[in-house]
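Hi,

Here is the structure I promised to send over. Have a look at it first, then read on for what turned up when I went through its pockets.

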Amino acid sequence: MKAIKFLLVGIFFGIVLVKSEAVSWYRIYEMFRFQSFHMYGIIGTAIASGILFLQIAKKGHIKSIKGADIYVPKKDNGLARYIIGGTVFGLGWALIGACPGPMYILLGTGVWSMIIVIASAVLGTFIYGLLQKKLPH
C-alpha cells in the first residue's frame, strides 16, 4: 500500500510529459537541431525546480519518508567521467529519441518498439554491474 503513492506520482509524471510533448520524438529532434526552445524550457524548468527543492531540503524543511534529514553526498572530482558519461547518455538519447523516464511512458502510449530499447537498457545496466569493478571510476 505504501507503493501506491509512488505509482500515482509516476502516472502523474507520465501524463505531464505526454501533455507537454516532452516524449515526442519530433520535439527531441528539434531540440538537438536547435530549432525550438520547447524542450530547453522544459529541461530548464526541471533544473530550476530541482535546485529550489534541493535547497529547501538542505535547510531542513523537507524530510525523507522516514523523517530523516535529506543528505546529498559530495561527488568525487573527475571531469573526464562526467564528460564521457554525458556524451554516451546524449548519444543514446539522440539515437533513440528518449531518455530513461520517457522510455516507459512511450511504451505506455503504445510505442511498442520501446520494448527493444528498455530491454537493451536493462541489459546494458546488467553488463555495467558485472564490469563495474574493472572500469576506471
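A quick definition before the details: a pocket here is an open set of grid points with protein on both sides within 12 Å along at least five of seven lines, and its lining residues are those with an atom within 4 Å of a point. Bear in mind that this is a predicted model.

Let's start with the second largest pocket, which has a volume of about 400 Å³. Its lining is made up of 17 residues, and Phe13, Leu17, Ile42, Ile43 and Ala46 are the ones nearest its centre. Two or more lining residues come from each of α1 (4–19), α3 (38–58) and α4. The largest share belongs to α3, with 6 residues. By type, this lining splits into 14 nonpolar and 3 polar residues, with no charged ones.

Now for the largest pocket, which holds about 710 Å³ of space. It is lined by 22 residues, and those closest to its centre are Ile84, Gly85, Val88, Phe89 and Gly124. Here the elements that each supply two or more lining residues are α4 (79–96), α5 (100–108) and α6 (114–131). Helix α4 gives the largest share, 9 residues.

Cheers

Note on methods: Residues are numbered from 1 along each chain as its sequence is written. This is a predicted model: local features need pLDDT of at least 70, side-chain atom pairs count only at pLDDT 80 or more; totals for chains, interfaces and linings use all residues. Side-chain values use heavy atoms; hydrogens and water are left out. On a 1 Å grid over the protein atoms alone, a cavity is a set of points where a 1.4 Å probe fits but cannot get out, and a pocket is an open set with protein on both sides within 12 Å along at least five of seven lines; lining residues have an atom within 4 Å of a point. Grid points are joined across faces, edges and corners, and a volume is the space filled by probe spheres set on the points. Helices (H or I, at least four residues) and strands (E, at least two) are DSSP runs, numbered from the N terminus. Ala, Val, Leu, Ile, Met, Phe, Trp, Tyr, Cys and Pro count as nonpolar, Asp, Glu, Lys and Arg as charged, and the others, Gly among them, as polar.
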